[in-house]
Each structure stands twice: as C-alpha cells, then as structure tokens.
Amino acid sequence: MDLLHKKIYFIGGKGGVGKSTSSAAFASYLSSLHKKVLLVSTDPAHNTGDLFHLNSNGELTSIYKNLDFIEIDSERESKRYIDEVKNNLRGLVKATMVEEVHRQIELAASTPGAEEAALFDRLSSIIIEEVKNYDAIVFDTAPTGHTIRLLTLPQLMGVWMDGMLERRKQVNEKNFHRWMDDGESRTDPIYEKLQVRRRKFSSVRKYLLDSNLTEYIFVLNAERLPILETRKAMDMLKRHEINVKTLFVNKLIPEDADGMFMEKRKANEQIYRKEIERVFPEARKVMLPMLESDIATLAHLRRFTTYLQEGLENIKNQIDSH
Ligand SMILES: Nc1ncnc2c1ncn2[C@@H]1O[C@H](COP(=O)(O)OP(=O)(O)OP(=O)(O)O)[C@@H](O)[C@H]1O
Ligand SMILES: [Mg+2]
C-alpha cells in the first residue's frame, strides 16, 4: 500500500483526538516493518515523550532498535534561532551598530509567527539532515490551527524571504558600508546567508508538496466539531496544494461494548460515521477503537498499534477491491 511507503508523515488534527497516540503507534508499526523510523514531536504539550517515558530534551533519542525520537520545543527553537542569527552577524556588523542590530532582532523575534518560523526552520533542518538516515520520519504535530500555519509557512516564507532579499539588495546598493565592517569582500554576507536559507526552505517545500514523498494524515473522532474542523483544515491545505488523503477515525465505540448507555452512544456515533463518509469522500479512513482506558503505558500502546495495523489492513483490502 502506498501509504506505508512515504518518507515523511505529518499527523494533524484537533486537540485531544489522539494525534500523539496515533503518531507513536504509526511510527512503531512502520518500524516493525523493518524500516528505520524517526518520530518527531512538535507538540508543545509533548505527550509522546510521556508515553515512552522519555525526555529527549531536543536531542535524538533511541526508543527501540529501529525507532528514534526527538522533541522540538518551539520556545527553545525560537531562542536558538535568534542566537544563531546574532552569531551569524557577529563580525559582520560594525561594533557601533551591534546593539542596534540586536535590538532589531529581538523586536523581530517577538512578532507573531516568529516562533512558528523558528519551528519551521528546525523542522526543515531535520528533514534535510535526517531524510537520508531514515526510511520514514513521522511528525506528531500540535492542534490544527497551529499545524496549518506551520505547513503553509514554506509558501509564506518564500514570499517573505524574497522580500528580505530584495530589501537587502537595495540596502547594499545604498549604504551597505554604514552597517558593515569595511572588509575586502564586495559581496554582502547577510545577503549570502539569506540566500542559503532561501534554498533550504525551497528544497524542503519540494518534499512537502510531493505526494509521493509526504503523506498528511488527519486524526479525528466521530463527533461534530472534529469533523467540521478537519474539513476546514483540509480545504485550507488544498488551497496550498496539499491533499490530505488519509484519516484516522479514532476513539470509536467497540462493537462489543454493551449496556443501554453504550447502545445509545453507538447509535449516536453511527450518525457521525455516516457524516464522515459524506464529508470526506476523497479520503481513506482507518477506523480505530476506543480502549477501556487512556493509552498511557507501552502495553496499551502495543495494543493500540495492533488495532492500527488491523485498520490499515482493512483499508488495503478496500482499496484493492476497488
Ligand atoms: N483509542 C483510544 N482509546 C482510549 N484512549 C485514547 C485513545 N486515543 C487517545 N486516547 C487518549 O486520549 C487522550 C488524548 O490523546 P493524545 O494525547 O494522543 O491526543 P492529541 O491529539 O495528541 O492531543 P493534543 O491535541 O493535546 O496534542 C490521551 O489521554 C490518550 O491516552
Ligand atoms: Mg499531542
């Protein structure tokens, strides 16, 4: 099945629907197919680390033989990014201008979107550096709104970068020497650095827009709000040339759940199951049951992974019979 042969997976969806749990299970499942897998958590809440009882602290950590894990913290990344920019400028800017330039950078860092930009920068580095070291990279993302901004950023970023490059060129032509140490070189080092970053983003963008390489999976529950929000998010991504073709429908009431209350819940859920079929005709749906308890231990996760495997086999049969 093509779903299992991608290089990059983004798992998104509304808050609390089961993104972290599904990402962990999906990554474990891929690694059980003898693939070398990297699970990346970009979620500030970091349930994934808790699940594996790990704190990756921003470093690559091994979970199993074929499964590594890394957590990205947007606040930490933002700080790292700013420090890097400051470092890049060290020695390039006249000593008398350093304070002013740093003030400008701090100001830029507090503008909306700066944290996402830093997060995206790190995410891009992970893709570029690790895509050759792993068969698959699975990104567990933060709730919908945030994720969409992140995923559409490469395009926004392209526009933004072009603007920066253009402005930089004009500055160069005018008063480049007022800002710079009067070195020998005739090219503007900041312009060069921006160019490098521009190339990095555009190569990542190629990965993210190539449906042979990257798969976007949305997790949702059979409830009104997750359905509405997922549809909105998918339409938004479509406008950015990203097609979501796979849904994980999680926390479904198991067939064998009994009692009057459960019967009523099941009847209610049936309405939303139909709604999901109607609202997402283009997507394949992997159905996942609700377990009796939270998925908080490795034993629970293994059980959930078995259900995920079954769900994946079911859609394979569906697709094959088409
Ligand atoms: N199929 C399931 N059966 C039982 N509990 C589940 C199931 N899927 C997820 N859970 C539980 O639901 C809660 C939310 O799951 P999870 O953390 O994976 O969601 P999330 O979408 O990553 O949330 P957030 O938006 O906060 O990142 C957790 O307590 C998890 O153990
Ligand atoms: Mg999560």
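**Figure 1. Salt bridges in the predicted model.** A search of the whole structure finds 13 salt bridges, each defined as a side-chain nitrogen of Lys or Arg within 4 Å of a carboxyl oxygen of Asp or Glu. In one of these, the side chains of D2 and R284 meet at 3.0 Å, N to O. This pair links distant parts of the chain, 282 residues apart: D2 belongs to the segment before β1 (8–13), and R284 to strand β8 (residues 284–289). Helices (H or I, at least four residues) and strands (E, at least two) are DSSP runs, numbered from the N terminus.

**Figure 2. Polar contacts of ligand 1.** The contacts shown are pairs of N or O atoms within 3.5 Å. An oxygen atom of ligand 1 is 2.7 Å from a polar backbone atom of I295. A backbone N or O atom of G16 lies 2.9 Å from a ligand 1 oxygen atom, and for a polar side-chain atom of K251 the distance to an oxygen atom of ligand 1 is 3.1 Å.

**Figure 3. The shell around ligand 1.** Ligand 1 is surrounded by 20 residues, each with a heavy atom within 4 Å of the molecule; the closest are K19, T21, D43, N47 and I295. Helix α1 provides the largest share of this shell, 3 residues.

**Model and conventions.** This is a predicted model in which local features need pLDDT of at least 70 and side-chain atom pairs count only at pLDDT 80 or more, whereas totals for chains, interfaces and linings use all residues. Residues are numbered from 1 along each chain as its sequence is written, chains are lettered from A and ligands numbered from 1 in the order in which they are written, and side-chain values use heavy atoms, without hydrogens and water.

Definitions and conventions: Polar contact = N/O pair within 3.5 Å; in protein donor to acceptor, adjacent residues only side chain to side chain.
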